[in-house]
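I opened this entry to look up how the chains meet. My notes follow the order in which I checked things.

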Amino acid sequence: MIAVTRRRPELGLLFWVGALGVTGSVAVAAAEVAGFRPQQLVIPVTFIVIAFALHLFLAARGIRGDQLLLPIAAALTAIGLVLVQRLASNLLVQQLSWTLIAAGAFAATILIPRDLTALSRFKWTWALLGVLLLLSPLLPVIGREVNGARIWVGLGTVTFEPWEAVKLLLVIFFAAYLEEFREVLSQTQRRFGPIPVPPLPYFGPIVAMWAIAMVVMVFERDLGATLLFLGIFLAMLYLATGEAFYTLIGILLLLVGGYFAYHAFGHVAARVDVWLHPFAEDVRFDSGYQLVQGLFALANGGLFGAGLGNGMPDRIPVVWSDFVFDAFAEEVGFAGALALLALYLLFVYRGMLIALRAPTAFLQLLAAGLSFIVAVQTLVIVGGNARLIPLTGITLPFVAYGGSSLVTNWMLVALLIRVSDLTARVKGTP
Amino acid sequence: MTRSIAANIRGLTLTIALAFLVTSIGVGYWTLVSGEELSADPFNPRLVAAIRDRPRGIITDAANNKLAESVQTANGYKRVYADKTLAHVTGYASFQFGASGIEAAYAESLIGQDPADPLSQWRARYLRERVPPGSVMLGINQAVQQAAVAALGNRRGAIVAIDPRNGAILASASWPQYDANLISDPATEDAAWKQVNEDPNKPLINRVTQGLYPPGSTFKIITGAAAIENGVDPNAKVRVDDPWQADKSWGTYFVRSSSRAHGDYTMADGYRLSENIYFAKIGLQIGGPKIAEYAQRFGIGAPSRCDITAAKGQVSRTGALDRPTLIADTAYGQGELLVTPLQMALVAATIGMGGVMPTPHYANEVRDAEGHALRVIAPGPSGQVINPETARALTTMLVGAVEGPGAFAFAAKIAGVHVAGKTGSAENPSGAPHGWFVGFAPAEAPTVAVAILLENSPKGGEDAAPLGGRVMAAALGK
Amino acid sequence: MEITFAVLLWGVRIAFLLLLYLFLLRAFGVLHRALVAERAVDGATRALGVLIVERNAGHAPRVGERFPLRASTSIGRDAGNDVPLSDEAASARHAVLELRDGDWWIEDLGSTNGTVVNGTRIERAERLHFGDELAIGRIALRLEKGAG
């Protein structure tokens, strides 16, 4: 019989999440012309019910360990629902549906596989599955091209992006592979002065896997995913080996590749030009329009924001998926934006702490890699929104509108909770 | 031995934390610091507010004729402009492309949040109460404006007329024009925007305030003023022999006289016959720094105080006049000088007003919805640029430049009124010289000062002078 | 009415920001407490314990045998347990001996015949100290410090 765990801190935090979601929804609804109608509370309340249901699920299964990740993910998702209500209310029901599916995926990931180490045993299966998923948008019938990027797969009316799932598979594969690689590395280490010489037969497959991912994304013209995969690869390599040299080479490759991409691909050049001169006369009304409006939204935010429902986000094209952060910052100000960033950092920090305590190398690499995914996604999109780096198509985890992203990120949370649970069982924390 | 994974995790976490810090600083910059910088940008959200969703204030001319108003359509409000010739002044107001001209400069007043009424700003931001906007009244005089537009016709250039006593701009015409209605109408804005931006004649530029041209002989007014106040006797005769150079170091460069003159010239002659060599000589006599100083004092190269942004112009590329050939060239109005027609009109006005330069402004008054004046725009004079005696002396000489025997600016004469003025034919790299005329009337107590600029006009200043006469006549009610 | 509505609306907006920060702070608090708990366990697990067989029923387990304890040690008749006891009176999965926050706890997993600590049958879970005696079925085990 599985002992039920109490998980009180998690329960307490979820009440706060509930309050946050309801307050936000009320504020947005009341600011609308139609005013606040009580039936609009259905959405946030439904989500809170889902969140509590997940909590009860975890408690009933006797899941031990971390109690912070679920509330933070729930808080971010709740904020996301408030923002979708504000920015694209016609998509609200759809986003809630995806949240429900994400909750289901979360529960499923908690339940299976029964033994997490099975993940490491089937690494080549995951690699193959990942490649297939990556290639699927290129298939004739089900592949869809949207805004110049061929990264979507559609089944009927439902579309999703397979590369979101691939990022998880990639981390699992790298974690499993590098666990073995690490052992080999510690045995056959040769160096030319400060430069490590990796044993090539072992280095080969991992570089090949990474190269396949990169090439496919370049082919499918998704700048953001390409950047993400490169980042994941470098991070996992650093986590496993600790060699800063590989990271340096990787960054060099990025710059060189970026240089060639700038000259070879029009859309890359356009993005970089917008980043460098968004206010130039010939750019600001054309390709730079979105970013310029986003920056104005930030400037309008000030310290405490214009107030929920009081900003002017409809000036920004496709604001609900590409520029949620700017729209949020306009209405809650620097104070609110900082709190949001702090939530993400707390999430990542907790994930890294889970990784530190994990009992095996595979689990350490897995947890750290998963936390890194959330960190890098957040940094890349917020950086793009604030003109620190060129804009990419990556969306803000949990908050931005987008089904595939929501589902895979909740699965990510489930995996981290499982690692924490396993650690707790072995080491004996409640 | 390889590092422990735990150590690597710690290193990676630190890197991530630093990256978050940098990102927060970046976000902080845009939310907290950049607000000032962006507030002047036409895309500022407060400026584009109330273009589509609410009616915007009315823009009128001095006689309260409506120049711009909001009209309700199926999708909200759009701006409609009654007088197409004032498109450069009123500007356009488009939800997509922002605003320009008066629509941008007085945007706050036009959405009911004029700075003179701070309470309205608070109420709008925090209580969401919108004060119904009033109107912005410009100083444009319909009769003078129509005369200016008719005078300019289809020739590229600009005409501006100001009241030298208070700086109100009575007429402002710039060609080529564009139709602001097309840009402010959501149905046509995309096509219209593309068209005006791709037009090589650049119709969007308000040539009165933003057109930069070499002033040609009209700059001699400034040279003369500088000379008189720095020890040059205007009655002293200076030998003029065409062509002229100071010494052999000038190589193949000579100052040419437009009338192949050989004789002794006083300053009055120099103005009447627009003699380049005279002014080159006295320019060298007082020196480059003095000329640059007086040019600055007259506003060239200095930021404009007009309520619509105007170009600064320049005395030279570096701001200094260091080479003798450059000094000579600049003294008679070429060199590297670049000025706007507005600046030259102000020069004329300054002379007419005894050396006091007015501050130009398009708008005269901001009114509330009931028609009461909220704010009167009367910035007062910019300062005393030259002595009243200098101004009087120059006025006399400039009257001579219009009325005297053989005067180049004779076509600017108006019956029954003494007109002071100066023509100019500015050499420029794009072909025929630009034709200038600046002047004011009546000379003894002027109520109007004009600047005419015709781009690439075959007879230069001679083409511009009659236009000056017509516009000033209209202003005087003739 | 306008003013009241506006004040209420701004109140809700401010409340949202406040709730966001309060949540953040509480989350920090939860993290901090979790870290403290984890560190305590990590510290304590260095000094794990051992179960020494005092009395058996039949041949197995041998009297004096030492079972080194993990952070969570399962006890029962089933061979898959960390401490397998071949006694009919013991249930397949009889009890689990766990380290919680540095303290040892014995938890009965709903066994048929119950678990006895120092002569008293326990309700469900009981805290143990070094030197305490556990009785499961007819086998008695003593909890002691050490590595085994």
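This is a predicted model: local features need pLDDT of at least 70, side-chain atom pairs count only at pLDDT 80 or more; totals for chains, interfaces and linings use all residues.

From α13(A) I wrote down L295(A), L298(A), A299(A) and G301(A). Their partners in α1(B) are V27(B), W30(B) and T31(B). I sorted this contact by class and got 5 nonpolar, 2 polar and no charged residues.

**Chain A with chain B**

I widened the view to the whole contact. It takes 44 residues from chain A and 30 residues from chain B. On the chain A side, α7 (162-187), α9 (223-241), α13, α15 and α16 (361-385) each supply at least two residues. The largest share, 12 residues, comes from α15(A). By class, this side of chain A divides into 33 nonpolar, 9 polar and 2 charged residues.

**Chain A with chain C**

How many residues of chain A are in contact with chain C? I found 35, and they touch 30 residues of chain C. The elements of chain A that give two or more residues are α1 (8-30), α3 (69-87), α15 (324-357) and α17 (403-427). Here α1(A) gives the largest share, 11 residues. I counted 24 nonpolar, 7 polar and 4 charged residues on this side of chain A.

Terms used
Residues are numbered from 1 along each chain as its sequence is written. Chains are lettered from A and ligands numbered from 1 in the order in which they are written. Two residues are in contact if their C-beta atoms, placed from the backbone, lie within 7 Å. Helices (H or I, at least four residues) and strands (E, at least two) are DSSP runs, numbered from the N terminus. Ala, Val, Leu, Ile, Met, Phe, Trp, Tyr, Cys and Pro count as nonpolar, Asp, Glu, Lys and Arg as charged, and the others, Gly among them, as polar.
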